[in-house]
Amino acid sequence: MGTLMTVVAAAIGGFFLLMAGMQLLVRWKARSQTGKAVPSLAGPLGKHVGRGRRALVYFHSPGCGACRPVTPRLKEMSRKSESVFVVDVSQETDTARALNVMATPSFVEIDSGKIVGFHIGMAPPELLARFAS
């Protein structure tokens, strides 16, 4: 019985280690995007960024529990500001792929055609304040 418990404990520990490693990988990939040029994007976002304007792009998904409380606020911000864009990754997968979004919620800050910030999870309040109208 002791050997079985050791195997189970090792399997559970390995699982949690794997999950933590995946979290670190996603965050590292997001940070590595900072300073990179924004690729060509379709639609209003692409036109806005193509003009060298700054933008805040919020990525969410319908099944994301962490997105639910913040999505209405960001949608309201996007109605008031031409610099805030709300992207549902289930509907706009090309945009999410182009900006290397691997998790939701994610916030990509763009200025002068470059990614200047990439935040996974809840956005820092100062980021939202910069784009609030």
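Guide: A helix here is a DSSP run of H or I with at least four residues, numbered from the N terminus. The model is a predicted one. Val8 has its place in helix H1, residues 2-31.

Visitor: Why is Val8 called partly exposed?

Guide: Buried means under 20% relative accessible area and exposed means over 50%. Val8 has 37%, so it is partly exposed. Val8 also belongs to a nonpolar surface patch with Leu4, Ile12, Phe15, Phe16, Leu18 and Met19, and their accessible area together is about 680 Å².

Visitor: What makes Cys64 and Cys67 a disulfide?

Guide: The cut-off is a pair of cysteine sulfur atoms within 2.5 Å. The S to S distance between Cys64 and Cys67 is 2.3 Å, so the pair qualifies. One disulfide is found in a search of the whole structure.

Visitor: How do you know the hand of the disulfide between Cys64 and Cys67?

Guide: The torsion about the S-S bond is about 80°, and the disulfide is therefore right-handed. Both cysteines fall under the 20% limit for buried residues: Cys64 has a relative accessibility of 9%, and Cys67 has 1%.

Visitor: What makes the buried residues of H3 line one face of the helix?

Guide: In helix H3, residues 71-80, the buried residues are Thr71, Leu74 and Met77. Viewed down the axis of H3, they fall within an arc of 120°, so they line one face. Their cover includes strands E1, E2 and E3 and helix H5. Arg79 and Lys80 are exposed residues on the face turned away from the buried side.

Visitor: Why is the contact between Glu76 and Arg79 called a salt bridge?

Guide: A side-chain nitrogen of Lys or Arg must lie within 4 Å of a carboxyl oxygen of Asp or Glu. For Glu76 and Arg79 the N to O distance is 3.1 Å, so the contact meets the definition. These residues are three apart in helix H3, and therefore separated by about one helical turn.

Visitor: What makes Glu109 and Arg130 a link between distant parts of the chain?

Guide: Their side chains meet in a salt bridge, with 2.8 Å from N to O. Glu109 lies in strand E3 and Arg130 in helix H5, 21 residues apart. Glu109, at 11% relative accessibility, counts as buried, whereas Arg130, at 41%, is partly exposed.

How values were computed. Residues numbered from 1 in each chain as written. Predicted model: local features only at pLDDT ≥ 70, side-chain atom pairs only at ≥ 80, totals over all residues. Heavy atoms only, no water. Patch = residues over 30% accessible without salt bridge, like charges linked within 9 Å, V, L, I, M, F, W, Y side chains within 5 Å. Areas by Shrake-Rupley, 256 points an atom, 1.4 Å probe, with all protein chains shown as cover. Helix = DSSP H or I, 4+ residues; strand = E, 2+ residues; numbered from the N terminus. Buried < 20%, exposed > 50% of the residue type's maximum accessible area, 1.4 Å probe, protein only. Arc of directions from axis to C-beta. Contact = heavy atoms within 4.5 Å.
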